[in-house]
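Colleague: Can you take me through this one? I'd like to begin with the cavities.

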Amino acid sequence: LRKPALHTVVVCVLFAAVFPPFLDGCFSATPETTLGYRDEVPPIDQREIDALRKRIEEVQKRLHKGGESQDAVPTPDRRVERPGMDYQDDVAPLDPDELEGLQRSVEELQQRLTVFEQKRKALGEHAAPAPPAAAPSPGTEQHITALEQRITELERILVGKKDEPGLADLIGGWTKRNGFFLQSAAGDFFLRFTGILQADFRSFPGGQDGNNPGIQPSTFLLQRARFSVHGRLYRYFRFLITPDLGNGFTNSPLINGRPQLFDGFVEWDRVSEAHLRVGKFKNPIGLEMLQGIQNLSFMERSLVRNLIPNRDLGAMLSGQVLRGRLEYQLGVFNGAPSANFAEEGKAFSTGKSLTFRWFSQPFLYQGPGWLQGFGVGFGMSYGSIRNFTGQDPMQTESFSYTFFQYTNNVTGNGDQLRFLPQMYWYWKRAGLMGQYVRTTQDERIINGAAARLTHDAWSAQASFFLTDDTATYGRVDPRRPFAFSKPGHWGAWELAVRYAQITLDPETFSLGMSDAGVFAQRAESTTVGLNWYLNYKVKIVGNFVHTDFTGATSAYHAASKEDALMFRVQLVY
Amino acid sequence: MPLGVIQCSGLIRMLVFAGLVCAAGVSAAFAADVDDPLQSSEDSGSPTVEDLDRQLEDLKRRLDAIQSAPGPAPKMQSPEAIAPPKLRELKRRMNVLESLALGTSHTRGLVERGPGWSSKSGFFLQSNDGNFFLSLRGYVQADYTAHPGKQTGLEPGSFPDTFNARRMRIFNSGRIFRQIRFEIAGDFAPHNNNLYNAFVEWDYFNWARLRVGEFKPGVNIEMTQSAVDLHFIERSLVQNLAPRRDYGVQLSGRFFRHMFRYELGAFNGSPVGPNNNPQLSFSGDKTLAARLMLTPFATSGPAAFRELDFGFAFTNGIIRNQTGQQGMLTQAQDRIVFQYKANVTGDGVQSLFLPFMRWYWGRFGMMSVFARRIEREKNLSTGASAALHFEAWEAQASFLLTDDQASFSWVDPKKPFKFSKPGYWGAIELAARYSELRVDSTAFALDMADITNNPAKTKALSVGLNWYLDHNVKMQMHWEHNDFDGAGPRYTAAGTLDSLIYRVTLVF
């Protein structure tokens, strides 16, 4: 290790020491926290499953209360008529407000019914002087029989029988947190259908500037369109499968046109302190990379992503202790190249890569309220990369310009070490995030020079809500979701600014590992963004990105700046 | 500069883009009071707000009655002696439970709110209020193609008979917050693009829906027909000239119920052709697409013409630095009939004019489309540039042998196929189509395409039999005959091509 790397270690350790997690309440129940670690799809909410289960049980209880003598009467052959409720394209949408009003009325009615029932029960128990019972009419018995029949029928539908499961046994629907789901009655088996869709328009009003500027046409595009299946089996085995439909990253020369898998993993999460996961998933090193792409305050991740891996094949142990104030991940991976893209990541040498990340939210439960949303940590990875280039082409935020690439005959030649201190701070409307990465890697020109190269990058971002909403690392939930008919319900509006910088080792160019005439040694970008969160699921984003490039030598003749103006409509379901 | 071309100038481009978005927003704001979206839900069969209201009022009345009634009856010794008030209460509670579970004539019960299957939506999941809806659908098309007549001509080719998985698609489509529609569709067939449709649509007003993403531009009526609903194995030769799918934004809507329909969109302008994938723009220019469709007798007039539509579509854009066409194919997609040479690129305005009509009445259905495309292309080797004219048209007719209703979409048999029920044979349909494609011979004169291999004119005749077993399975047997004419004496390729294609389609 060279001195700067050691220096980084010391800084990280000091960093960690300054914010020691408080030691009380260790290993208690799973807390409700904003975790730093997020998948693209948040984990299935077990609490919500349990709530659903309770609802079913309640219905069942009420049913049993109503019909105690069900065996005597045969089930009447009453067919359940399903009114025409086909999903039709042409169905005019209902006004959500009116529906809400209706739902409120129904709930009110149900409450009144319950109160009334209780009152009635109390009266009966205290043996209040009741009016004399009316003489049973001759039709009473028939009435009872009819009622019993109806109760039996309802039970058949809701509770089910031995070989015919009732509504309560398998339920499906939609909830805000889980989206569309199917589940078994107890919630031990759970399946979610999720998806993300990003329809973009990208333009380059200022174009590219320099001695040899490129031409960037404006274009409509789909940046991401994926659907995933996410579930739980036997309660504690979680899985996620996300196929890529090919058009996701059309710019990638490596994966274009080839179907592949973005995520595919199995996780055992019986104990919140130690989840075990195997498969393909995000290498848990970077704070920004771990934030779901749909939750970013910007359209794309910063330049820092060029130095850290995206997804990789491997195994990981992760968990949270101290009621969520401390979380960690420890994984072993094939060592996918640092990349813009999610690669298949098959290992080219036997050397594997070890990743460790630590993240703490020390003031989550104690300390000043304005520090509650503060988190700090660091990630590091150490591995051996051989016979393969350790880097993919590095691109600007807009994915439209490659500003750095190793020449074809450069391969990894041994150790690769990354340090990545990171922090965020969310308080009321404001959010801050920062990360720094330093990569040290042995590279070699085949039959030529070898060197240990050190690249570094950092980014700092700030966001602020113009509306009265709460900033978060996770998904923003607007206080007043957009509704056409409700005045003042304009969703959430957020302004965001980011600065990012990446600097490549000058030796890369002096040793001829990259073309100094074409590729930049340093890129600096400033991003300004406006986010309009219509609701929990839909947002419209506008980003302006200005990137400046600096060459390693005077021979550099490629672009000196790029201006990109991008718009996005994003839907998550 | 022709009307409708979006020029490269950044400002204008931005204005047009912003204008499209604003137009939707402004027009939407104006019409908030004029067109009440709740009114048109009568024809859907789903409960209206008024119905729900009535139901609630009913519930309220009943509750009030309970509350004003005297206290409960004392506990009875035997069930036979239950007093009528107790019985009434039981009944009331029963009614509430029943309406919750089963619904009433006005509202949906739990039974209908859960996951399930319906013929229109396939397997679905939804929220309790129905505002969030996900439909999980898919289809598979398994083909067998034979070439009994082979290919004749000076240079006869041999086409091997083959099994093929033509399309294997999975759809996730639905609504969130009731008014936002989405669809993501993937194709897993070996030769196809992986991503099909992927779009988001704001669908609040019938007369103005705004859609962004990847989808079929509203241009070619035949293209708008789903691949599973085609009365033939594949679309006609016209699809060689019309856009297929593209990235872009589109405003669409309808007025006077279905009488007027329109689409207006801006797209990247991906190359047209039967097999193309949407692409990123190669130049800053975009393509405008517009379509107007009229159904004059949708609500009144002779019943025979209820489903008679006609209209026209128009696209105009500039294509540079990329070829405007991908290889044109025969209907069965087994032979390329026209292909630009690699050194030919778009060099300016491309426009398409496409009038069409369709008519479905009783057992009978017909459709006809004409397309004329003008595109400026440049041969980079010689520097020659020319506006090339392409023309194609098709006319098709179908007739149901069984007593079923002809339709633009899937024919839903009155008597779905059932082994055990005599007379239940599904629906059987005969279909015939004639189609022609003419290529500009200037393309050969300027060496933009190979004159020896590419015919100047292709004529295709299709005759087929469709057997709709039920709502989900269709079997087809079609015969395709192609005649090829060359542009000049140097044309040496085949004169005819015959294909016999069997297909099984399963939709879920």
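**Cavities and chain B**

Modeller: The second largest cavity holds about 150 Å³ of space. A cavity here is a set of points on a 1 Å grid over the protein atoms alone where a 1.4 Å probe fits but cannot get out, and lining residues have an atom within 4 Å of a point. Points are joined across faces, edges and corners, and the volume is the space filled by probe spheres set on them. This is a predicted model, with local features needing pLDDT of at least 70 and side-chain atom pairs pLDDT 80 or more, while totals for chains, interfaces and linings use all residues. Residues are numbered from 1 along each chain as its sequence is written, chains are lettered from A and ligands numbered from 1 in the order written, and side-chain values use heavy atoms, without hydrogens or water.

Colleague: How many cavities of 30 Å³ or more are there?

Modeller: The count is 10.

Colleague: Back to the second largest cavity: which residues lie nearest its centre?

Modeller: Pro243(B), Gly269(B), Val272(B), Thr287(B) and Thr315(B), out of 16 lining residues. By class the lining has seven nonpolar, seven polar and two charged residues. Ala, Val, Leu, Ile, Met, Phe, Trp, Tyr, Cys and Pro count as nonpolar, Asp, Glu, Lys and Arg as charged, and the others, Gly among them, as polar.

Colleague: Which elements each supply at least two residues of that lining?

Modeller: β11 (287-294), β12 (307-320) and β15 (344-361) of chain B. Strands are DSSP runs of E, at least two residues, and helices are runs of H or I, at least four, numbered from the N terminus. Chain B has six helices and 21 strands.

Colleague: Changing topic, is Ser499(B) buried or exposed?

Modeller: Ser499(B) is buried, at 0% relative accessible area. Buried means under 20%, exposed over 50%, and partly exposed in between, with a 1.4 Å probe and protein chains only. Ser499(B) sits in β21 (residues 494-507) of chain B.

Colleague: What does its side chain pair with at 2.9 Å?

Modeller: The side chain of Asp334(B), in a polar contact. That term means N or O atoms within 3.5 Å; within protein, one must be able to donate a hydrogen and the other to accept it, and residues adjacent in sequence count only if both atoms are side-chain atoms.

Colleague: And where is Lys428(A)?

Modeller: In the loop between β15 (410-427) and β16 (430-445) of chain A. Lys428(A) is exposed at 56%, and its phi is near 50°, a positive value in a residue other than glycine.

Note on methods. 1 Å grid on protein atoms, 1.4 Å probe; cavity = no way out; pocket = protein on both sides within 12 Å on 5 of 7 lines; lining within 4 Å.
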